[in-house]
Amino acid sequence: MDLNKHIWEGWTVQSYINELEWLFNMIMSGKSHVKPFKDSKELKEWLKTNQPGYKKHIPEVYKYFKEKFDKY
C-alpha cells in the first residue's frame, strides 16, 4: 500500500490514517459516544463522513482500518 499516495490538496493516505486512527481506537474500545462499528459497511460510511475535506471512499484508508476492525 502506498501510504504517500496523494489524495486531495496535500493530504495523503497516511495523513488520513493519522487523522482518524485515534478516534477509531476510542470508538472500538468503547470510550466514545459513538458505538463500536457492527460491520464493515458502518466502518466504510464512518470513514467517508469523518475524512477531512474529502468525502469519497479511499480504498487504501478503508483497507487499513478494515484490517484493524477485523481484529476486534
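Predicted model: local features only at pLDDT ≥ 70, side-chain atom pairs only at ≥ 80, totals over all residues.
**Exercise 1.** Identify which residues of α3 are buried, and state which elements they pack against.

*Solution.* Take as buried any residue under 20% relative accessible area. In α3 this holds for Glu 60, Val 61, Tyr 62, Phe 65 and Phe 69. Next, look for their partners: the buried residues of α3 pack against α1 (13-28) and against α2 (40-50).

**Exercise 2.** Locate Gln 51, decide whether it is buried or exposed, and list its contacts beyond four places in sequence.

*Solution.* Gln 51 sits in the loop that joins α2 and α3. The cut-off for a buried residue is under 20% relative accessible area; Gln 51 has 1%, so it is buried. Leaving out residues up to four places away in sequence, Gln 51 touches Tyr 16, Leu 20, Lys 56, Ile 58 and Val 61.

**Exercise 3.** Describe the largest nonpolar core: how many residues it has, and which elements give two or more residues to it.

*Solution.* The largest nonpolar core contains 17 residues. Those with the most contacts inside it are Phe 24, Phe 37, Leu 43, Trp 46, Leu 47, Val 61 and Phe 65. Two or more residues come from each of α1, α2 and α3. The largest share, 7 residues, is supplied by α1. As a background to this step, nonpolar side chains in soluble globular proteins tend to be buried together. Now take Trp 46: apart from residues up to four places away in sequence, it touches Leu 20, Leu 23, Phe 24, Ile 27 and Phe 37.

**Exercise 4.** Give the order of elements in the protein chain, and compare its radius of gyration with the globule rule.

*Solution.* The protein chain has 3 helices and 2 strands, arranged β-β-α-α-α from the N terminus on. Its radius of gyration is 12 Å, close to the 11 Å given by the globule rule for 72 residues, so the chain is as compact as a globular protein of that length. Along the principal axes, its C-alpha atoms fill a box of roughly 30 × 20 × 20 Å. Buried residues account for 29% of the 72 residues. Of the contacts between residues at least 6 apart in sequence, 48% join residues at least 24 apart.

Definitions and conventions
Residues numbered from 1 in each chain as written. Heavy atoms only, no water. Buried < 20%, exposed > 50% of the residue type's maximum accessible area, 1.4 Å probe, protein only. Helix = DSSP H or I, 4+ residues; strand = E, 2+ residues; numbered from the N terminus. Contact = heavy atoms within 4.5 Å. Core = buried A, V, L, I, M, F, W, Y, C linked by side-chain atoms within 4.5 Å. Rg over C-alpha atoms; globule rule 2.2 N^0.38 Å.
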